[in-house]
Amino acid sequence: MGRLHLSYLDGRMYTCKYCYTHLALVDDIISKTFHCNNGKAYLFNKAVNVSLGEKAERMMTTGLHTVADLFCIACGSIVGWKYEVAPDRIQKYKEGKYILVMRKVVDFDRTNFGGGNESQAGASDADDAGY
Ligand SMILES: [Zn+2]
């Protein structure tokens, strides 16, 4: 079995709030426990249709990380950030992974347009980004 590779045409995904460009699959969520000044943020294994901003060091709850802002390639709005370098071994799992800020994206379900409530369960880590 197993899911279809990059099945962005069906199933649940997150899209840009402004232009509905596909950004990430619900199946690729690693953690839902991140936060920023814009509210909830989820960590994803991969994201598509995004461009990266300048790398910058940013102090977060779990330490100093090197991150790059993520922009929607279609409309240019900022949708989250990518972790480039994590501060220590415990945080390494975030390197090369993508954060999408929930207020910037839409949880889009092609199979059920009613959507659904997300479980709040997840890992115990959390980052409070400075924006
Ligand atoms: Zn967009």
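This report walks through a predicted model, taking in a sheet, a zinc site, salt bridges and aromatic pairs.

## The three-stranded sheet

Let's start with an open sheet of three strands, which pair antiparallel in the order β2-β1-β9. The edge positions belong to β2 (22-25) and β9 (105-109); each has a single partner strand, so one side of each is left without a neighbour in the sheet. On average, and ignoring direction, neighbouring strands here are turned by 35° against each other.

The contact between β1 (residues 12-16) and β9 is made by five bridges, with the two strands running antiparallel. If you want a place to look along this pairing, find M13, which stands opposite F108 in β9.

## The zinc site

Four cysteines hold the zinc ion through their SG atoms: C16, C19, C72 and C75, at 2.2 to 2.3 Å. The angles among the four donor atoms span 101 to 118°, and the site is tetrahedral. For comparison, the ideal angle for four tetrahedral donors is 109.5 degrees.

Along the chain, the donors follow the spacing C-x2-C-x52-C-x2-C. C19 sits in the loop between β1 and β2, while C75 sits in the loop between β6 (63-72) and β7 (78-85), so this pair ties together parts that are 56 residues apart in sequence.

Across the whole structure, a search finds four salt bridges. R58 comes from strand β5 (residues 50-60) and D69 from strand β6, so the pair ties together parts that are eleven residues apart in sequence. R58 is buried, with a relative accessible area of 18%, and D69 likewise counts as buried at 18%.

Another salt bridge connects K92 with E95, whose closest N and O atoms are 2.9 Å apart. Here K92 is partly exposed at 40% relative accessible area, and E95 counts as partly exposed at 25%.

## Aromatic pairs

The rings are worth a look as well: four aromatic pairs turn up in a search of the whole structure. Y14 lies in strand β1 and Y42 in strand β4 (residues 39-44), so the pair ties together parts that are 28 residues apart in sequence. Both of these tyrosines, Y14 and Y42, are buried.

F34 and Y83 form a tilted pair, at 6.3 Å centre to centre with 55° between the planes. With F34 in strand β3 (residues 29-36) and Y83 in strand β7, the pair ties together parts that are 49 residues apart in sequence. F34 and Y83 are both buried. Finally, ring pairs link Y14, Y42 and F44 into a cluster.

Terms used:
Residues are numbered from 1 along each chain as its sequence is written. This is a predicted model: local features need pLDDT of at least 70, side-chain atom pairs count only at pLDDT 80 or more; totals for chains, interfaces and linings use all residues. Side-chain values use heavy atoms; hydrogens and water are left out. Two strands pair if DSSP finds at least two bridges between them. Helices (H or I, at least four residues) and strands (E, at least two) are DSSP runs, numbered from the N terminus. Axes are lines fitted to C-alpha atoms, for helices over the stretch in contact, and angles run from 0 to 180 degrees between N-to-C directions. Donors are N, O and S atoms within 2.8 Å of the metal (3.2 Å for Na, K and Ca); water is not among the atoms, so sites may look incomplete. Four donors count as tetrahedral if all angles lie between 85 and 135 degrees; four count as square planar and six as octahedral if opposite donors are over 155 degrees apart and all others between 65 and 115; anything else is irregular. A salt bridge is a side-chain nitrogen of Lys or Arg within 4 Å of a carboxyl oxygen of Asp or Glu. Buried means under 20% relative accessible area, exposed over 50%, partly exposed in between (1.4 Å probe, protein chains only). Rings of Phe, Tyr and Trp (its six-membered ring) pair if their centres lie within 6.5 Å; planes under 30 degrees apart count as stacked, over 60 as edge-to-face and the rest as tilted.
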